[in-house]
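Hello,

Here is the structure I promised to pass on to you. Please open it first, and then read the notes below alongside it.

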Amino acid sequence: MIAGSSETRTYPTRVELAGFYAEDAFDFLRRFKLAFYSNQVDFQGKKSRRAKAYVDLRMAVEALLKSIICLRSPWGLAGRSLVRMVRQFSHDINTLKESALKGIELKGNYSNALDKCSMAPVDLRYQFDAMNFRSGDDQEYYETIGSDAWLGTLEEFLDLSLERLQSTLNRRSKILKAGALLGELQRLRDY
């Protein structure tokens with residue numbers, strides 16, 4: 001028998017999806033640090049390796065901002081609607097930043113560092129091999145991926161932000177009442 005009306009999904013909730021994105025952000029940041037500060041392979045000197053390490057840092061920023069958007073979403077938004085809303089941002093850091101940090105004042109150096117992520121998009125890794133990230137005098141490269149100060153600012157922003165995000169998520173983790181627990185056990189988990 002086929003149901004006559006569309007099914008309402010409540011999984012994942014906004015807090016659950018925020019947690020998933022937070023885990024991704026932590027993983028991407030860890031991977032960046034492992035690669036960039038590696039003693040075995042030089043990720044700082046070779047442009048293509050440096051770009052690969054940066055992509056992990058860039059993805060950590062994106063996942064962090066998506067996590068914040070989930071937490072700041074309307075309480076009732078969940079399931080497919082929530083996932084669809086977050087996916088619409090794609091990899092656009094400027095739009096993610098605007099939505100996630102609306103009403104939050106960032107230090108100027110963090111805001112500027114995030115803005116420069118648009119100069120070095122997430123698909124740069126593939127573009128890099130094809131066109132070597134050159135624009136005449138390599139100015140964009142040295143303002144972004146080639147700048148230890150810029151990468152350090154992004155890394156510092158992520159370290160601080162993820163610590164705060166984790167604290168926020170931990171506060172929302174709690175013991176469930178019997179009725180809520182029963183609801184958890186009965187909810188659909190096929191998402």
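Leu114 is buried, with a relative accessible area of 0%. You will find Leu114 in helix α5, and please keep in mind that this is a predicted model. Which residues does Leu114 touch, not counting those up to four places away in sequence? They are Val61, Ile93, Asn94, Lys97, Leu101, Leu106, Leu154 and Phe157. Phe157 lies 43 residues from Leu114 along the chain, and the C-alpha atoms of the two are separated by 9.2 Å.

Leu114 also takes part in a helix contact. On the α5 side, that contact is made by Ser111, Leu114 and Asp115, and on the α4 side by Ile93, Asn94 and Lys97. The axes of α4 and α5 cross at roughly 145° and come within 9 Å. Sorted by class, the contact of α4 with α5 has 2 nonpolar, 2 polar and 2 charged residues.

Now for the protein as a whole. How many helices and strands does it have? There are 9 helices and 0 strands, so if you follow the elements from the N terminus on, you read α-α-α-α-α-α-α-α-α. The protein has 191 residues, of which 42% count as buried. If you take the contacts between residues at least 6 apart in sequence, 77% of them join residues at least 24 apart.

In soluble globular proteins, nonpolar side chains tend to be buried together. Here the largest nonpolar core has 51 residues, and those with the most contacts inside it are Tyr54, Leu64, Leu154 and Leu158. Two or more residues of this core come from each of α1, α2 (47–72), α3, α4, α5 (108–115) and α8 (148–172). Which of these gives the most to this core? That is α2, with 15 residues.

Setting aside neighbours within four places in sequence, Tyr54 is in contact with Phe32, Cys117, Ala120, Pro121, Leu124, Ile145, Trp150, Leu151 and Leu154. Leu154 is also among the residues that Leu114 touches.

Another helix pair to look at is α1 and α3. Helix α1 covers residues 14–36, and its axis is 10 Å from that of α3, with a packing angle of about 40°. That angle makes α1 oblique to α3. The crossing of α1 and α3 is right-handed. From α1, the contact is made by Arg14, Leu17 and Tyr21, and from α3 by Leu82, Val83 and Val86. The residues of this contact divide into 5 nonpolar, no polar and 1 charged.

Thr153 is in helix α8. Is Thr153 buried or exposed? At 17% relative accessibility, Thr153 counts as buried, because the cut-off for buried is under 20%. Apart from neighbours within four places in sequence, Thr153 is in contact with Asn109, Tyr110 and Ala113.

Ser147 sits in the loop between α7 (139–143) and α8. Ser147 counts as buried at 15% relative accessibility. Leaving aside neighbours within four places in sequence, Ser147 is in contact with Arg50, Tyr141 and Tyr142. Ser147 and Gln44 are 103 residues apart in sequence, with a C-alpha to C-alpha distance of 10.0 Å in space.

Ser90 is in the loop between α3 (79–87) and α4 (93–100). Most residues other than glycine have a negative phi. Ser90 is not a glycine, yet its phi is positive, at about 55°.

Enjoy looking around, and write back with any questions.

Best wishes

Notes: Residues are numbered from 1 along each chain as its sequence is written. This is a predicted model: local features need pLDDT of at least 70, side-chain atom pairs count only at pLDDT 80 or more; totals for chains, interfaces and linings use all residues. Side-chain values use heavy atoms; hydrogens and water are left out. Helices (H or I, at least four residues) and strands (E, at least two) are DSSP runs, numbered from the N terminus. Axes are lines fitted to C-alpha atoms, for helices over the stretch in contact, and angles run from 0 to 180 degrees between N-to-C directions. Angles under 35 degrees count as roughly parallel, over 145 as roughly antiparallel, 65 to 115 as roughly perpendicular and the rest as oblique. A crossing is left-handed if the near helix is turned anticlockwise from the far one by less than a right angle, and right-handed if clockwise. Contact means heavy atoms within 4.5 Å. Ala, Val, Leu, Ile, Met, Phe, Trp, Tyr, Cys and Pro count as nonpolar, Asp, Glu, Lys and Arg as charged, and the others, Gly among them, as polar. A nonpolar core is a set of buried Ala, Val, Leu, Ile, Met, Phe, Trp, Tyr and Cys residues joined through side-chain atoms within 4.5 Å. Buried means under 20% relative accessible area, exposed over 50%, partly exposed in between (1.4 Å probe, protein chains only).
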